[in-house]
Amino acid sequence: MGSTTDPARSKGRSSHLVEWTTGLLCSLLVAGLFVMLVIDIVRHRQEPARFEVSATAIEPAGGRYRVTVAVHNPSLATGAQVHVRGDLMRGDEVAESADVTFDYVASESAEKGALFFAAQPSPGTLRLTVVGYTDP
Amino acid sequence: MAKADECGAKDGGSLDGEDRRFLTGLARGLAGALLFSLPMLMTMEMWFLGLYVHPLRLLVLCTVNLPMLVLLAHYIGFEKSIGWGAAYRDAITAYGLGILVSAGFLLLFNVLGQGATMATAVAQIALQAVPASIGALLGRSQLGDSDEEGDEEDEGEKAEAGYGRELFMMVVGALFLNLNVAPTEEMNLIAFKATPVHTLLMVVTSIVLMHGFVYAVQFRGGHRRAEGAGWWRPFFVYTIPGYVLALLVSLYALWTFERVDSVSLQQIMTTTVVLGLPAAIGAASARLIL
């Protein structure tokens, strides 16, 4: 009877329960992290970074035209100093060029930036290319 | 601060013991704020963050800081806090000191005011004021004399410290070290250079160091295992939850500094683990020294 009504002992037991429950939940979270990292190790492979660049918006800006560009890197490698060039074509000739450099485009991630042109670009006349990058 | 005003209002007489103790605490707080925040005040990325940090994220950081300081002050305030009122006063004093130190040194370095708008200047100061205010509160605990009266009582209080307090102190330690390194470019670069094997090794290193800091190495203030108790109890009850908290704090810091926007889940995980290493050390150290 004494053991069931002793407040100090029941407090100690409940704080024990809290500590162990926290420990158990956090162990599950850390175990989950390990599982995700092992999955990453299994699917990891050495490959060069790849980039897909597209124009997401063309709009007038201060007497010129701003082209918002998105660079997506679907590979498992990160690219640094990713240099994107946009050419406005008139027939086979390059009428105007603009370029931008992204510090990093992380693996399986995307970054956004903008290019400015004096003439109005259109999807038919704008050519976007990744000129080069370095390994981080 | 009210105390300082009262003290100024005294009729030119000498300071009594309590006022002197408060002013000493204030000086220690100032020294702590400087000692802990100077590396960040002289970090370029922190200045630039003020130019582009999301206002809502900055507001969350500054708002969360206040209750955290109150809790911290409750345990290790400028003066031995006896209640929440005193803890609140100490916290606000520390926050004020943090703002003053940040503004003063950013002005001294001529970082503020060069083409900056009021909004960006305020953001730059607000960002720096958070670690500076934590430093101001920690300054009292770290720079105090070890033979000062009341320390014995502090030890007694520490021994009775509850589990929640231990976890809270780990969060403060993790956040403090995190704020020092999270805004730097190097965090991203290390994450980009790391292969998944490196990341896994960083997790293991963080956990081993964290556990070693507090239990194996038995620093002053570190926990000693009860005779016959297994290593796994402190490991599961303190080290693992401490590491999870260090990771959560890291993720929060990365979110605040806009390092998790538009990157993949895998990359977020890697950067969090990278930042989790200093956070884990901060969390473990906090349990030793706070």
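Predicted model: local features only at pLDDT ≥ 70, side-chain atom pairs only at ≥ 80, totals over all residues.
Residues are numbered from 1 along each chain as its sequence is written, chains are lettered from A and ligands numbered from 1 in the order in which they are written, and side-chain values use heavy atoms, with hydrogens and water left out.

Me: Why is B:Ser206 called buried?
Reply: Buried means under 20% relative accessible area, exposed over 50%, and partly exposed in between (1.4 Å probe, protein chains only). B:Ser206, which lies in helix H10 (residues 196–216) of chain B, has a relative accessible area of 0%, and therefore counts as buried.

Me: What makes B:Trp232 partly exposed?
Reply: B:Trp232, placed in helix H11 (residues 232–256) of chain B, has 44% relative accessibility, and so it counts as partly exposed. B:Trp232 also belongs to a nonpolar surface patch with A:Trp20, B:Trp231 and B:Phe236, and together they have about 420 Å² of accessible area.

Me: Why are H8(B) and H11(B) called oblique to each other?
Reply: Angles under 35 degrees count as roughly parallel, over 145 as roughly antiparallel, 65 to 115 as roughly perpendicular and the rest as oblique. Helix H8 (residues 163–181) of chain B packs against H11(B) at an angle of about 40 degrees, with the axes 9 Å apart, and the two helices are therefore oblique to each other.

Note on methods:
Patch = residues over 30% accessible without salt bridge, like charges linked within 9 Å, V, L, I, M, F, W, Y side chains within 5 Å. Areas by Shrake-Rupley, 256 points an atom, 1.4 Å probe, with all protein chains shown as cover. Salt bridge = Lys/Arg side-chain N within 4 Å of Asp/Glu carboxyl O. Helix = DSSP H or I, 4+ residues; strand = E, 2+ residues; numbered from the N terminus. Axes fitted to C-alpha atoms, helices over the stretch in contact; angles between N-to-C directions.
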